[in-house]
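Hi everyone, thanks for making the time. Let me put the structure up on the screen, and then I'll talk you through it.

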Amino acid sequence: MMMNVTPNQIERLYSRFTSLDRNDCGTLSREDFLRIPELAINPLCERIVHSFFADSNDDRVNFRQFTRVLAHFRPIKPNKENRLNSREEKLRFAFKMYDLDDDETISRDELLNILQMMVGANISQDQLNSIAERTIVEADTVGVGKISFEDFCRALERTEVEQKMSIRFLN
């Protein structure tokens, strides 16, 4: 269902979850995530934290929701079927990082916004605009000025998403 993990790995993951749970209430808040130093310095921190709450009707995340998001980052094992960490699901997860308004497309403004988060003031606004415009033109196969999930997958066809979106956090 969740991940192909051993009981020992689940215990270790639960231990990490409870160490983040400062209020000892069995759930995590956005603030709990923001206290993770490696996450706090990530330019896409807000988007990553948002992913944990995307399927939640609450402002807190339980252990099951926590592991469901982390499952996307498990390395893919040959001949093992795992829905959440398949290539398609990894791509869908990445796509949602860019789709700021959750409308199932990435607009030029959304792409520009993400680029600004990632590079900050290291690139001029004109250069960012040029990159965003060129990316939309190259990826948008229908010519609507937005990138669909299918366009996104096609654009990343030759990218090794399985390796780039894998973290060995249970070893």
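**Where two helices touch**

Let's start with a close-up. On the α7 side, Arg108, Leu111, Leu112, Leu115, Gln116 and Val119 make contact with α8, where the partners are Gln125, Leu128, Asn129, Ile131, Ala132, Glu133, Thr135 and Ile136. If you sort the residues of this α7–α8 contact by class, you get eight nonpolar, four polar and two charged ones.

Please keep in mind that this is a predicted model.

Now the geometry of that pair. Helix α7 covers residues 108-119 and helix α8 covers residues 125-139; their axes come within 9 Å and cross at roughly 130°. Angles over 145 degrees would count as roughly antiparallel, and 65 to 115 as roughly perpendicular, so α7 and α8 are oblique to each other. As for handedness, the α7–α8 crossing is right-handed.

Let me zoom out for a moment. The protein chain has 10 helices and four strands. Reading from the N terminus, the order is α-β-α-α-α-β-α-α-β-α-α-β-α-α. The C-alpha trace spans about 50 × 40 × 30 Å along its principal axes.

The chain is divided into two parts: domain 1, residues 7-73, and domain 2, residues 87-162. Taken over C-alpha atoms, the domain centres are 25 Å apart. Nine residues from domain 1 and 11 residues from domain 2 take part in the contact.

How much area do the two domains bury between them? The figure is about 930 Å², with 67% of it on carbon and sulfur atoms.

Helix α4 is residues 45-53 and helix α6 is residues 87-98, and they pack at an angle of about 120° with their axes 9 Å apart. That angle makes α4 oblique to α6. The α4–α6 crossing, too, is right-handed.

Notes
Residues are numbered from 1 along each chain as its sequence is written. This is a predicted model: local features need pLDDT of at least 70, side-chain atom pairs count only at pLDDT 80 or more; totals for chains, interfaces and linings use all residues. Side-chain values use heavy atoms; hydrogens and water are left out. Axes are lines fitted to C-alpha atoms, for helices over the stretch in contact, and angles run from 0 to 180 degrees between N-to-C directions. Angles under 35 degrees count as roughly parallel, over 145 as roughly antiparallel, 65 to 115 as roughly perpendicular and the rest as oblique. A crossing is left-handed if the near helix is turned anticlockwise from the far one by less than a right angle, and right-handed if clockwise. Contact means heavy atoms within 4.5 Å. Ala, Val, Leu, Ile, Met, Phe, Trp, Tyr, Cys and Pro count as nonpolar, Asp, Glu, Lys and Arg as charged, and the others, Gly among them, as polar. Domain bounds come from an automatic or database domain assignment. Buried area is the accessible area (1.4 Å probe) that two parts lose on being put together, summed over both.
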